[in-house]
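Hi,

Here is the structure I promised to pass on. Have a look at it first, and my notes follow below.

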Amino acid sequence: MDSIGGMLRDNAAFLLNGVLTTVGLTILGFVGALLIGTVVAVFRVSPITPLRVVGTVYVEFFRNVPLLTLLILIVFGLPDIGLLFPLFWCGVLGLVLAGSAFICETVRSGINTISVGQSEAARALGMSFGTQLRLIILPQAFRTMVQPLVNNFIGILIGSSLAAAVGVSDITNVTQQLNIRYAEAVVLFLLSGAVYLVFALGAGGVGSWLERLVSQSRIGSAR
Amino acid sequence: MATDTATRVLFDEPGPRGRATIRIATIVAAVIVVLLVAGAVWQFAVHGQLAAYKWQFFTYTAIIQTLVVEGIGNTFLATAVAAVVAFPFGLVLALGRLSRRRVLSRVSTAWIEFFRSMPMILVVYAFLLALPRSGLVLPVFWMLVVPMILVSSASTAEVFRAGIKAVDKGQWEAAQSLGLSPGLVLTTIVLPQAFRIVLPNLLTGLVSLLKDSTLGYVVSYGELMQQGKELVAYYHYMIQTYLVIALIYVLINWLLTRLASWLQARTGTRKTAAAPVAVDLEPAQ
């Protein structure tokens, strides 16, 4: 027991760094995926054929490629064509590409739940595309998207652990290294597992809170 | 033209001016896409990665044998074995979670919630290091497949639970009023309907399992990724090998996903759409 306490004390900074790397990968990955996913969703439903094709190919590729394969392609493959990024950003890139394909589908089905009458009414009132999107479509679409987006977030959180396999020092990688040095597999597994569990539960909590928040702000709430 | 509701929500039916704008935008977008593709090909060419011998490599019988026969074969084997164990196990967990016996329900819930938010690679590492120390040495195959089963059982349990709950309450009531015992209601009335509902989601679960099997790369079990790693170690055609492998995975998973959506459309139940799907970066869904 003492040795475990000592191990944790000696490596506190190392472990904290791992947790922060996991948080960084997840948050950057999610924000990036949200931005790109939304753009790709608009591509997929736009009346411009080349954009639709690009959107569809993008989603089908990145949704179906295993994340580990994608990360290995980025880390070991891209340098072959002269694209060498720092490891951490390789991880972020992989998470953004894979995550955006899933978020694109979340956003698309969110917009699909809105009745055409809503945007027809908005157009009849003379709203521009941006205003329509900001005031009418996205606020309503967001309401149905909260839960799937939380799932996407948790997916990216869990996916970030695969960055450990290509050498990013996230919490999985850090505990694995300590594992080899101290041979405390069970304690370390539970420790890093707890990190993912806490963040996943936290994300679920924030999700339910957000869902309550947006369901209260029905139409008519002033902006 | 547009079948998607979202298209009609976001974009008005174009008038003459709108159609002209769309035509111009189409041309501009096409040009940009062509330029981007050309840029990517150029990037390959400049670094000598388009050299014919680096790609002809994948037409050699020995290489096809390694990647397709052994690699894909082992990938399918691991996925299939994991699915055969994990899916029934998931059903048991789902029934456990829905059970009225509190202890059973608590234990199943804890198992499901724990493994649902546990990255598989963590379980794999734990197995790789913890088991040999406690004197238990599993073959590499099981080092990969057991973690796959543990993680998949949790997400599949949620798929089954959603499916069982999606069966209309009236079905339970009708069966009970006919005098069927609770066990019979479940096995003859509810589960057959639930199965039909969850079938597409089970296929998505299969895609998740197939993706998880790439961790054979970590445990050195000879599935597709691991075969790729070995080929790269010998021949150093990194980007070519991993690109080919990525395309193989995309093709297989795409076919499975298509099959799932075809089944979904065919059963035509809207209930499935409301069911929560396993967390994948898809987590898949």
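I'll start with the second largest pocket, which has a volume of about 1400 Å³. By pocket I mean an open set of points on a 1 Å grid over the protein atoms alone, with protein on both sides within 12 Å along at least five of seven lines; lining residues have an atom within 4 Å of a point. Points are joined across faces, edges and corners, and a volume is the space filled by probe spheres set on them.

Before going on, a caveat: this is a predicted model, where local features need pLDDT of at least 70 and side-chain atom pairs count only at pLDDT 80 or more, while totals for chains, interfaces and linings use all residues. Residues are numbered from 1 along each chain as its sequence is written, chains are lettered from A and ligands numbered from 1 in the order in which they are written, and side-chain values use heavy atoms, with hydrogens and water left out.

Back to the pocket. Its lining has 34 residues, and A:Tyr58, A:Phe62, B:Leu36, B:Val37 and B:Ala40 lie nearest the centre. Two or more lining residues come from each of α3, α4 and α5 of chain A, and α2 (16–46) and α12 (238–267) of chain B. Helices here are DSSP runs (H or I, at least four residues), numbered from the N terminus. α2(B) gives the largest share, 10 residues. The lining splits into 32 nonpolar, two polar and no charged residues; Ala, Val, Leu, Ile, Met, Phe, Trp, Tyr, Cys and Pro count as nonpolar, Asp, Glu, Lys and Arg as charged, and the others, Gly among them, as polar.

Now the interface. Chain A puts 66 residues into the contact and chain B 62, with contact meaning heavy atoms within 4.5 Å. About 5600 Å² is buried between chain A and chain B, 74% of it from carbon and sulfur atoms (accessible area, 1.4 Å probe, lost on putting the two parts together, summed over both). On the chain A side, A:Asn64, A:Ile81 and A:Phe189 lose the most area to chain B, together 12% of what that side buries.

What about salt bridges between chain A and chain B? The count is zero, taking a side-chain nitrogen of Lys or Arg within 4 Å of a carboxyl oxygen of Asp or Glu.

A:Phe189 turns up again in the lining of the second largest cavity, along with residues including A:Thr172, A:Asn179 and B:Tyr125. This cavity (points where a 1.4 Å probe fits but cannot get out) has a volume of about 60 Å³.

Cheers
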